[in-house]
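Me: I would like to learn how to read helices, strands and their contacts in a model such as this one. Could we go through it slowly, one feature after another?

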Amino acid sequence: MSEVLVAAEGLARHYRLRGGRTLRALDGIDLGIGPRATLGLVGESGSGKSTLGRTLVGLQPPTLGRVRFEGRDAGATDPATLRRLRQQRQIIFQDPSGALNPRMTVGDTIVEHLRVQGWSRPEARARAAAVIERAGLQADFLPRYPHEISGGQRQRVVIARAISTDPAFIVADEPVSALDVSTRAQIMNLLRDLQAERGLTMLFISHDLSVVAHMCRDVAVMYLGRIVELAPRAALFRAPRHPYTAALLAAIPLLDPVRERARARTRLKGEPPDPSAVPRGCRFHPRCPRATDICLAVDPPTRALDPGHRFACHHPLDPA
Ligand SMILES: Nc1ncnc2c1ncn2[C@@H]1O[C@H](COP(=O)(O)OP(=O)(O)O)[C@@H](O)[C@H]1O
Ligand SMILES: [Mg+2]
């Protein structure tokens, strides 16, 4: 792999459940995101997307493996490095209301965020005014409270706060899923413009493949705590190799109603996945139309046939 800004190496995150069972939210993630790259992360609810995002920005430690940032282990570090890592890695959550303190004005929210990172008050004030404007809000939003502004405006505040420390890496975790349809495109465009103009590296999480397609050069598909396929966007859409990716693609509604009706929907069969009971062998086998004996017994290794396109499947789909 060439240049990598953020990397996951054998990353696992386990949660201990009542009764002593272990839930493997992340179950061996290897990943490298290059500088200024945009990686989309898709998968059903519960596949571990948010856990991966939180672990990559250091909001929670991994159970096993490590996160690297600029080549260095992001886990074991001195206070000065930790502060720098906090500035460099930011996360935008799905629900902007939950991400903002209801008793703090927009301005104080951003100023406090910067103060904690060591900015002086006058510097923090100036910066808050600059980023709020860059996020598409006028300076007269600074004295307002979250309940006085719309959901889209709240997400702009969260975005302004995230860029205020000049981060290199941003995780956007379903950043438009909680917004009404009319404001989604605006927030997506804002994120895309910021990514380009600031040279941000982004992990863009969504349960919806068509959303990440607009934002991301590469797309990773997650299933039960693993990345089962990762490819450049065009290759993933044109020639998915993993049957799970193919099923996700088949679930995207077509815009043309005639073609949509004519299409045979390949529905995912079986139970929704449960990360506290990961199947033996290939974790996707209970729902896979191509599963054979080997899939019940052997966890498929990750293969990379074309550069940048890897997948973990014993019986991959033909690229033609
Ligand atoms: N703090 C926690 N304690 C126990 N289980 C958790 C915790 N956080 C997440 N999980 C579980 O980990 C799995 C992955 O969750 P999450 O990363 O939120 O998935 P996604 O974002 O893809 O929906 C889910 O089964 C979820 O219930
Ligand atoms: Mg999530």
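Me: At roughly what angle do the axes of helix α5 and helix α6 cross, and within what distance do they come?

Reply: Some conventions come before the case: this is a predicted model, in which local features need pLDDT of at least 70 and side-chain atom pairs count only at pLDDT 80 or more, while totals for chains, interfaces and linings use all residues. Residues are numbered from 1 along each chain as its sequence is written, chains are lettered from A and ligands numbered from 1 in the order in which they are written, and side-chain values use heavy atoms, with hydrogens and water left out. Helices (H or I, at least four residues) and strands (E, at least two) are DSSP runs numbered from the N terminus, and axes are lines fitted to C-alpha atoms, for helices over the stretch in contact, with angles from 0 to 180 degrees between N-to-C directions. Here the axes of α5 (residues 121–134) and α6 (residues 151–163) come within 8 Å and cross at roughly 130°.

Me: Which word describes how α5 and α6 lie to each other?

Reply: Angles under 35 degrees count as roughly parallel, over 145 as roughly antiparallel, 65 to 115 as roughly perpendicular and the rest as oblique. The helices α5 and α6 are therefore oblique to each other. Val131, Ile132 and Arg134 of α5 make the contact with Val157, Ala160 and Ile163 of α6, where contact means heavy atoms within 4.5 Å.

Me: How do α6 and α7 lie to each other, and which residues meet there?

Reply: The axes of α6 and helix α7 (residues 181–198) come within 11 Å and cross at roughly 15°, and the two helices are therefore roughly parallel to each other. From α6, Gly152, Gln155, Arg156, Ile159 and Ile163 meet Gln186, Ile187, Leu190, Leu191, Leu194 and Arg198 in α7. As a general idea, an α-helix has 3.6 residues a turn, so residues three or four places apart point the same way.

Me: In what order do the strands of the open sheet stand?

Reply: Two strands pair if DSSP finds at least two bridges between them. In this model four strands form an open sheet in the order β2-β1-β4-β5, with antiparallel pairing; the edge strands, each pairing on one side only, are β2 (22–33) and β5 (72–73). Strands β1 and β2 are joined over nine bridges, and among the partners Arg13 has Leu26 in β2. Strand β4 (residues 64–69) pairs with β5 over two bridges, and Phe69 stands opposite Arg72 in β5.

Me: What lies between β1 and β2, and which helix lies across the strands?

Reply: The hairpin of β1 and β2 has five residues between the strands, and Gly19 takes a positive phi near 90° there. Helix α1 (residues 49–56) lies across β1 (6–16), β2 and β4, and runs at about 120° to β1.

Me: Which residues of helix α4 are buried, and what do they pack against?

Reply: In α4 (residues 106–116), the buried residues are Val106, Gly107, Thr109, Ile110, Val111, His113 and Leu114. These buried residues pack against β6 (89–92), α5 and α6. Just after α4, Gly118 takes a positive phi of about 105°.

Terms used
Buried < 20%, exposed > 50% of the residue type's maximum accessible area, 1.4 Å probe, protein only.
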